[in-house]
Amino acid sequence: MPHASPLVVILVAALGLAFVLGTIANRLRISPIVGYVLAGIAIGPFTPGYVADSGLTLQLADIGVILLMFGVGLHFSPSDLLSVRAIVLPGAILQVILSTGLGAAAAWLFGWPLPSMIVFGVALSIASTVVVTRALQERRLVESERGRIAVGWLVVQDLITVVVLVLLPTIAGALHGGPSPAIDAGGLAAPLAITFGKLAAFFLVMWVVGRRVIPWMLHYVAHTGSRELFRLAVLSVALGVAYIAAELFGVSIALGAFFGGMILSESQLSRRAAEESLPLRDAFAVLFFVSVGMLFNPMVITAAPLRLIGTAAVVLAGTGVAAFALLSILRVQTAAALFVAAGLTQIGEFSFVLVNLGIDLKLLPGQSRDLVLGASILSILINPVMLAAAQRWSRRLEPPAQAASPPPEALLPTNLTGHAVVVGYGRVGRLVADGLRHDGVPVLVIEDAADALEQLRAQGIEALSGNAADERLLRAAKLPAARVLFVAIPEAFEAGQIVQQARRANPSIDIVARAHFDAEVGHLKNMGANAVIMGEREIAAAMLTHARAAHPV
Ligand code: AMP
């Protein structure tokens with residue numbers, strides 16, 4: 001009987017268990033990441049039962065890292081990156097130095113020698129790109145000011161890691177009494193010059209060749225009209241650029257993918273490219289968390305509990321406080337500084353690579369791997385809580401002038417009655433809200449994109465921030481007191497959930513929803529919508545009206 005290949009078994013076990021445990025976590029109102037990591041521990045080598053191949057899982061997780069960073073790059077133009085350089089260059093470099101110092105101090109307390117102290121410190125100073133970018137994308141903050149700072153910060157940290165990884169073998173050779181017993185400047189200068197030369201060559205090739213060839217290729221494929229080919233093109237670009245960056249130029253795959261996305265960000269196809277890579281990105285990013293769980297040996301909790309707590313404290317408190325202090329000194333608004341600092345209080349993939357290399361080079365004791373992994377898991381699990389706390393705290397810090405009119409992020413119930421609730425302030429919702437306001441109807445908007453929320457705030461329109469499928473938001477919108485609900489978002493599955501909850505909250509409210517396919521019209525009506533407007537039908541009707549008026553028969 002033919003057997004499923006190991007890769008298929010891993011995908012089934014890892015994705016399936018992550019799905020089940022993630023759903024349970026979601027139900028318990030904790031971050032689904034907890035479920036993913038637990039799934040990893042369950043199928044890892046340190047717990048009984050089925051053991052998945054962690055090497056393969058890690059390789060699959062790499063695809064998640066590439067697609068995540070590519071997606072972030074798509075929303076990021078080179079000028080966005082340059083606009084935050086005055087903050088992120090000094091900020092990230094100083095934060096890495098401070099966190100390294102704290103990590104080294106912890107290692108000193110463990111009684112480790114100087115080289116171990118330094119490598120351990122660096123490993124604790126670099127945040128996981130996956131965790132930060134996922135948090136930003138989940139909250140649709142990539143294009144906000146705090147998103148730009150966080151991503152710029154990650155890019156600088158990533159560059160530092162590339163340099164450290166290159167220099168470490170040379171330093172280790174010198175320390176272990178290699179060809180030159182002391183680390184002389186000349187010995188380090190050569191690998192350093194080669195690394196910077198390769199980085200510069202990569203940027204140059206991307207700028208001169210990539211910036212022309214890649215958008216041209218995607219435009220060409222888009223005009224073939226084949227969705228399948230377009231998807232393939234997007235995937236080939238994301239994975240191909242990351243691979244070339246790593247193989248030929250010694251740049252990390254994450255950074256390579258980020259630049260691959262960034263050179264496309266100015267192309268009109270970037271939005272479509274982002275949408276096409278979304279489902280794969282999400283699935284593979286989940287595998288990253290599963291693979292972290294698989295590597296973790298829970299025995300470290302009982303074997304060295306104090307050391308584990310110390311290591312985690314450096315990441316959670318040390319980096320958090322250092323980053324927040326630096327951001328404040330660099331005059332970043334307190335709310336943004338809190339969010340970025342909270343986002344950085346975790347470690348992941350880079351730390352694992354660094355620790356493994358340190359152990360191979362005999363610069364670190366074997367226990368450091370377990371400590372770094374343990375601290376990584378703890379910090380990744382605590383990170384969503386830190387981010388939520390940062391957001392709550394920053395709301396309280398809003399200047400009193402704005403407190404009079406509630407900031408859009410606040411979850412305070414509205415005081416409006418007889419109002420219209422508009423979900424989504426995009427191409428459709430914006431026109432609906434404008435028309436209603438013109439007619440003098442009080443309007444409340446629910447929106448989850450940061451840029452749209454900023455515009456709402458600028459126009460003085462009352463808004464609730466977040467996903468409208470969240471029942472707390474619908475409650476704050478006081479549907480029982482509202483007269484009509486417009487669900488003006490393009491995604492029918494999410495719209496269906498919103499309609500269903502709204503109908504439950506107010507059996508008599510008039511609900512108008514938006515759809516793009518006949519099947520969606522039926523679905524939304526079943527969920528309780530009074531009227532469903534299908535965009536394509538309206539477009540067709542308007543086209544016919546135009547043609548009849550222009551060419552009467
Ligand atoms: P458009 O397709 O241009 O009309 O844009 C749709 C708008 O709805 C965007 O601004 C999205 O950020 C927003 N949006 C989409 N889904 C949700 C949701 N579940 N809750 C709140 N806002 C949403």
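This is a predicted model: local features need pLDDT of at least 70, side-chain atom pairs count only at pLDDT 80 or more; totals for chains, interfaces and linings use all residues.
Arg472 is partly exposed, because its relative accessible area is 43%, and here "partly exposed" refers to the range between buried, which is under 20% relative accessible area, and exposed, which is over 50%, using a 1.4 Å probe and protein chains only. The place of Arg472 is in helix α21, residues 471-476, where helices are DSSP runs of H or I with at least four residues, strands are DSSP runs of E with at least two, and both are numbered from the N terminus.

Residues are numbered from 1 along each chain as its sequence is written, and side-chain values use heavy atoms, with hydrogens and water left out.

Let me stay with Arg472 for a moment. Its side chain meets that of Asp470 in a salt bridge, at 2.8 Å from N to O, and by a salt bridge I mean a side-chain nitrogen of Lys or Arg within 4 Å of a carboxyl oxygen of Asp or Glu. Asp470 is partly exposed too, with a relative accessible area of 23%. Elsewhere, salt bridges that share partners join Arg227, Arg231 and Glu276 into one network. If you look along the chain instead, Arg472 and Asn26 are 446 residues apart, yet their C-alpha atoms are separated by 15 Å.

How many salt bridges does a search of the whole structure find? The search finds seven, and I will describe two others. Arg134 forms a salt bridge with Glu138, with 3.4 Å between the closest N and O atoms, and because these two residues are four apart in helix α7, about one helical turn separates them. Arg134 is buried, since its relative accessible area is 16%. In the other pair, Asp282 forms a salt bridge with Arg281, the closest N and O atoms being 3.2 Å apart; Asp282 is partly exposed at 39% relative accessible area, whereas Arg281 is buried at 12%.

Now to the surface patches. Patches are made of residues with over 30% relative accessible area and no salt bridge, and like charges are joined within 9 Å, while nonpolar side chains (Val, Leu, Ile, Met, Phe, Trp, Tyr) are joined within 5 Å. Accessible areas come from the Shrake-Rupley method with a 1.4 Å probe, and for residues only the protein chains shown count as cover.

A nonpolar patch is formed by Leu204, Val205, Trp207, Val208, Val209 and Val213, which together have about 520 Å² of accessible area. One of these residues, Val208, is found in helix α9, residues 185-224, and Val208 is partly exposed, with a relative accessible area of 40%.

The negative patch consists of Glu143, Glu145, Asp451 and Glu454. For charges, Lys and Arg count as positive and Asp and Glu as negative, with His and the chain ends not counted, and the place of a charge is taken as NZ of Lys, CZ of Arg, CG of Asp or CD of Glu. Glu454 lies in helix α20, residues 450-459, and it is exposed, with a relative accessible area of 51%.

Let us turn to the loops. Leaving out residues up to four places away in sequence, Ser128 touches Leu154, Phe288, Gln346, Ile347, Gly348 and Glu349, where contact means heavy atoms within 4.5 Å.

Asp439, by contrast, is exposed at 57% relative accessibility, and Asp439 is found in the loop between α19 (429-438) and β2 (443-447). Asp439 and Val119 are 320 residues apart in sequence and 65 Å apart in space, from C-alpha to C-alpha.

Finally, a point about the backbone. Most residues other than glycine have a negative phi. Lys362 has a positive phi of about 60° although it is not a glycine; Lys362 is found in the loop between α16 (349-360) and α17 (367-396), and it is exposed, with a relative accessible area of 67%. Lys478 also has a positive phi, of about 50°, without being a glycine. Lys478 is found in the loop between α21 and β4 (484-487), and Lys478 is partly exposed, with a relative accessible area of 32%.
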